[in-house]
Amino acid sequence: MFTPTVGILPARRAIADYLNRDIPYKLCPDDVYLTIGSKQGIEIVTAVLSRPGANILLPPPGFPYYELWCAYNNLEMRHYDLLPEKGWEVDLDAVETLANANTVAMVIINPGNPCGNVFSYEHLNKVAETARKLGILIISDEAYDSIAFGSTRCEYSGQRRLFSPWGLYQRDGLFPVGA
Ligand SMILES: Cc1ncc(COP(=O)(O)O)c(C=O)c1O
């Protein structure tokens, strides 16, 4: 007897409940696909998005496992800049220049590895606007969400916390892949 590939129901329910604390809509267990660590999530999402001619936007510096699996899945990589003088924010002008009709998604790593930055609510809002304008998905790697120290008030929940989950921005078919 095998367990379901997507994860057992009580585990997916617990994860949906956990994520629901911070977002303005409700996830249900069927919204959750459980993987063996973030790395398997990266493997799956790059395979799912791959098709002939497709490209994906990645941050340098970032987590090289994305490059490995994009190469394996023949997904063209285009690297946008992070801006050290602006606390390693995404260079959204570069994103707009790099993206074309074959761009399927953009990866953000928040909190960042290796730069250690945490994107502000306002900056993530701009990332969301850009992604919506370009019609691309955001893959938000939040492997380090619980080790962001410091606080600002979260616009949605009112809690004082530095980190804003990508789930706050889900609109118009964009969805979080919380790695
Ligand atoms: C940004 C980032 N994403 C994902 C991972 C992989 O996490 P996991 O150990 O859960 O597969 C790491 C690990 O170094 C990481 O730095």
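Colleague: What makes strand 5 and strand 6 (residues 137-141) a pair?

Modeller: 5 bridges join them, and the two strands run parallel. Strands pair if DSSP finds at least two bridges between them, so strand 5 and strand 6 qualify. Alanine 105 stands opposite leucine 137 in strand 6, and serine 140 in strand 6 is the bridge partner of isoleucine 108. This is a predicted model: local features need pLDDT of at least 70, side-chain atom pairs count only at pLDDT 80 or more, and totals for chains, interfaces and linings use all residues. Residues are numbered from 1 along each chain as its sequence is written.

Colleague: How are strands and helices picked out and numbered?

Modeller: Both are DSSP runs numbered from the N terminus: helices are H or I with at least four residues, strands are E with at least two.

Colleague: Which strand does strand 1 (residues 55-58) join through 3 bridges?

Modeller: Strand 5, and the two run parallel. Asparagine 55 stands opposite threonine 103 in strand 5.

Colleague: What is the strand order of the open sheet, and which are its edge strands?

Modeller: The 4 strands follow the order 2-1-5-6 with parallel pairing. Strand 2 (76-79) and strand 6 are the edge strands, since each pairs on one side only. Helix 3 packs on this sheet, touching strand 1, strand 2 and strand 5.

Colleague: How do you know which residues of helix 2 and helix 3 meet?

Modeller: Two residues are in contact if their C-beta atoms, placed from the backbone, lie within 7 Å. Lys39, Ile42, Glu43 and Thr46 in helix 2 meet Tyr65, Tyr66, Trp69 and Cys70 in helix 3. These residues divide into 5 nonpolar, 1 polar and 2 charged. Ala, Val, Leu, Ile, Met, Phe, Trp, Tyr, Cys and Pro count as nonpolar, Asp, Glu, Lys and Arg as charged, and the others, Gly among them, as polar.

Colleague: Where do the bounds of domain 1 and domain 2 come from?

Modeller: Domain bounds come from an automatic or database domain assignment. For this protein chain the assignment gives domain 1 (1-34) and domain 2 (35-169). Their C-alpha centres lie 22 Å apart, and 6 residues of domain 1 are in contact with 6 residues of domain 2.

Technical notes
Axes fitted to C-alpha atoms, helices over the stretch in contact; angles between N-to-C directions.
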